[in-house]
Amino acid sequence: MGDEEKRNRAITARRQHLKSVMLQIAATEQEKEKARRETEKQNYLSEHCPPLHLPGSMAEVQELCKQLHAKIDAAEEEKYDMEVKVQKSSKELEDMNQKLFDLRGKFKRPPLRRVRMSADAMLKALLGSKHKVCMDLRANLKQVKKEDTEKERDLRDVGDWRKNIEEKSGMEGRKKMFETES
């Protein structure tokens, strides 16, 4: 047990050491990435945004404002063109996805509601005012008389079982039982 415990502790210590080394390497990589992004940002700003020189006279300031407005207008036009391209491509994507679902057969159908409608109402909906046929099926059924069997008659004659019990209870009921049996 002693050797196995030492070995497990060594393995755990090695794992902890490797984990800490990996975390240190990741931290240095993050710092390098952050510094690289900062330099890229500075380079981009120096290329695209030259430093602003404010002139001294009013006419020069107005000329600078006109130039800035022209640049803003150009940027807005470019932004609008890009938005239109994005909308067009998203619409094309939606259309392609719809076609793809149709081709795969996985078109999601809306759930249908069950409508309870009588035969008369259905014919009226289909034929409109031309509907004059009555589809009352129960009226068209034949009347069949049921012949009474002896068992059914006995059951009807017996009636409610509680009444029979009350009649048979006490001495009078027992007399009736003997009288009916003989």
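A residue is called buried when its relative accessible area is under 20%, exposed when this value is over 50%, and partly exposed in between. The legends below describe a predicted model.

Figure 1. The secondary structure comprises 7 helices and 0 strands. Read from the N terminus, the order of elements is α-α-α-α-α-α-α. Of the 182 residues in the chain, 2% count as buried. The chain exposes about 19100 Å², and carbon and sulfur atoms supply 56% of this area.

**Figure 2. A patch of negative charge lies on the surface.** The residues gathered in this patch are D73, E76, E77, E78, D81 and E83. One of them, E76, belongs to helix α2, which covers residues 58-104. E76 has a relative accessibility of 44% and therefore counts as partly exposed.

**Figure 3. Helix α2 is shown from end to end, together with the residue that follows.** With 47 residues at 1.5 Å a residue, α2 should span 69 Å. The C-alpha atoms at its ends are 68 Å apart, which agrees with that expectation. Just after α2, G105 adopts a positive phi of about 85°.

**Figure 4. A salt bridge joins D95 and K91 within helix α2.** The closest N and O atoms of D95 and K91 are 3.9 Å apart. Both residues lie in α2, 4 residues apart, or about one turn of the helix. An α-helix has 3.6 residues a turn, so residues three or four places apart point the same way. D95 is partly exposed, because its relative accessible area is 39%. K91 is also partly exposed, at 48% relative accessibility.

Figure 5. The network joins E33, R36, R37 and E40. The side chains of R36 and E33 meet at 2.3 Å, N to O. These two residues are 3 residues apart in helix α1 (residues 2-48), so about one helical turn separates them. R37 also forms a salt bridge with E33, and here the closest N and O atoms are 3.4 Å apart. R37 and E33 are 4 residues apart in α1. Relative accessible area is 38% for R36, which is partly exposed, and 56% for R37, which is exposed. E33 counts as partly exposed at 29% relative accessibility. By the rule applied, the salt bridges number 4.

**Figure 6. A nonpolar patch is found on the surface.** V115, M117, M122, L126 and L127 form this patch, and their accessible area together is about 520 Å². V115 is located in the loop between α2 and α3 (119-127). At 59% relative accessibility, V115 counts as exposed.

Key. Residues are numbered from 1 along each chain as its sequence is written. This is a predicted model: local features need pLDDT of at least 70, side-chain atom pairs count only at pLDDT 80 or more; totals for chains, interfaces and linings use all residues. Side-chain values use heavy atoms; hydrogens and water are left out. Patches are made of residues with over 30% relative accessible area and no salt bridge: like charges are joined within 9 Å, nonpolar side chains (Val, Leu, Ile, Met, Phe, Trp, Tyr) within 5 Å. Accessible areas come from the Shrake-Rupley method with a 1.4 Å probe; for residues, only the protein chains shown count as cover. Lys and Arg count as positive and Asp and Glu as negative; His and the chain ends are not counted. The place of a charge is taken as NZ of Lys, CZ of Arg, CG of Asp or CD of Glu. Buried means under 20% relative accessible area, exposed over 50%, partly exposed in between (1.4 Å probe, protein chains only). The expected span of a helix is 1.5 Å times one less than its number of residues.
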